[in-house]
Amino acid sequence: MSGFPWLLVDQNSDDGELVIAACSDVDGLFVDAPQPPVERYSLLGCEPAGRLRDACDGFGAGWLGNIGLDAIHPPHSKHPAHCWHCAEELLDIRVLGARPSLLGSRLLDVTLEGRLRIEELARFARGADRAPEADGYLLVGVTGHGDEDFGSCREVDGVFRNRPAPSPRGAALIGCRPEPPLQRALDALARGGARRRRWIQASIFSVDRDGTAVGMVGAAIGAEVAAVRPSRLGDGLVDVTLEPTYGDAIGAPRPTGARSVWHRWRAGRPDVVGEWAEYDADLRHEWAGVALAHHHHGRPDRPAGATYHLAGRHITDVEGFFCAIGEAINGPGGYFGWNLGALHDCAGGGWGAGPGFRLVWHDSEVARTNLVPGYDRRFWTPAVTMDDLLGYLADSNVDVELR
C-alpha cells in the first residue's frame with residue numbers, strides 16, 4: 001500500500017482484518033462539527049432549588065451551566081420511579097425570567113436560554129420530538145463534581161419538538177485503489193444491484209511513511225457507493241462518492257485542522273518534547289489521540305515508585321496536560337490518557353508506569369492560573385480544573401509534587 005496515506009479496513013471480516021481500499025484522501029474525514037443552536041425552554045410548574053431558586057429570586061447569577069431532566073415516571077410505568085441518568089440535558093443554561101405558574105400556588109414558570117443534548121439511545125428509541133411518559137422532572141445540575149439539586153417541575157416546553165434534521169454528511173474516496181470488497185460494491189453499482197450490495201463498512205487507518213498502518217480511534221465509514229469516476233491523481237485510480245444510509249457516512253469526523261496533526265505524525269514519531277504546544281485545545285486533543293493510536297502496547301511498565309518530571313510551561317488547558325503527561329511518562333509523542341477516565345485507567349498500569357508513581361510538576365503555576373472553574377463550550381461540560389486533575393491523580397495513587 002506504499003504511497004497511499006489512507007487505508008479502509010474491515011476489522012469484522014471472517015478472514016480477519018481485510019483491506020477494502022487504499023486512498024490518497026478521504027473527503028469528509030476532517031469536518032468541523034456544527035454547534036447545537038441556542039434555543040429557549042420553559043420549566044412549567046417549577047419548584048426551584050439551590051442556584052436555580054436564587055436566580056429566579058434575582059439574588060443569584062443567571063448562568064447555571066447544565067441542567068439534566070430526570071423524568072419521574074408514573075407508578076404504572078415499566079420504568080423505575082425516575083431514571084438515574086438524564087437522557088435530555090440542557091446546556092450552557094441562563095435564566096431569563098420567572099413568573100407565577102397556573103399549575104399550582106407557589107410554583108413558577110421559568111424561562112431559560114441555552115442548548116440541548118439528547119442521548120442517542122433516547123433519540124433512537126423514542127424520537128427527539130416525543131416527551132417521555134413522566135409525571136414531572138427532577139432538575140439535576142451537572143457540575144462535574146456530583147449532582148446539584150435544582151428542584152423539580154411538572155412539565156417542560158420547547159425541549160420535545162420537531163427540529164430541522166441536519167442533512168447526513170456524505171463522503172468521497174479520492175485517488176482510490178479499490179481492493180476486492182470495494183470492487184464488488186463498484187460492480188454492483190455498475191449493474192444496478194441492490195443497495196445492500198453497494199454497502200461498505202470500514203475503519204479508517206493512517207499510513208505512516210515507513211508503511212505502518214495506524215487506526216484512527218473512533219473513525220469509521222458506513223455508507224453506500226453512489227458514484228465512481230476516474231481520478232485525476234493517477235491512472236487506474238478512481239474517486240468514489242459515498243452516500244449515508246444511517247447517519248453520517250463517516251462517524252466521529254475530526255476538526256479540519258486535525259489533518260495537519262496526522263500529516264506531522266506520518267513523517268515519524270516526534271523526537272523532541274512539546275511539539276504539540278503550538279496547537280490550540282482542539283488540536284492538542286487530536287495530538288493525544290494520535291499518540292494513543294501510535295502507543296506501543298506490550299512494553300513492560302517501569303517499576304512502581306518511579307519519579308517522572310512533567311514539563312508544565314505550556315499547560316494552558318487540560319488538553320495540554322494530557323499531552324505533557326504522556327511525554328513525561330513515555331517520552332516525546334507519548335500517551336498517558338486523553339480524558340480523565342483514560343488517565344485513571346493508565347495510572348492503574350499497563351501504559352508505561354507501574355501504579356503508585358511520583359510526578360514532579362514543573363512550572364505548575366501556569367496550570368494553576370489557566371485551569372480554573374468555568375465552562376468548556378467545545379464539549380459542553382464544566383471545565384476541568386487544576387484541582388480536578390490533582391484529585392484524579394491522588395485517587396489514582398499518584399504522588400504529585402508541585403514546583
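## About the model

This is a predicted model, in which local features need pLDDT of at least 70, side-chain atom pairs count only at pLDDT 80 or more, and totals for chains, interfaces and linings use all residues. Residues are numbered from 1 along each chain as its sequence is written, and side-chain values use heavy atoms, leaving out hydrogens and water.

## The barrel

Six strands, in the order E3-E6-E5-E4-E7-E8, form a closed barrel with antiparallel pairing. From one strand to the next, the twist averages 50°. Strand E3 (residues 39-48) pairs with strand E8 (residues 147-157) in the antiparallel sense over 6 bridges. Here, strands are DSSP runs of E with at least two residues, helices are runs of H or I with at least four, and both are numbered from the N terminus; two strands pair if DSSP finds at least two bridges between them.

## The Barstar region

An unreviewed UniProt entry annotates residues 307-371 as "domain: Barstar (barnase inhibitor)"; such annotations may be inferred rather than shown by experiment. Over residues 307-371, the chain is 43% helix and 15% strand, with end C-alpha atoms 24 Å apart.

After H6 comes Gly331, with a positive phi near 85°.

Technical notes. Axes are lines fitted to C-alpha atoms, for helices over the stretch in contact, and angles run from 0 to 180 degrees between N-to-C directions.
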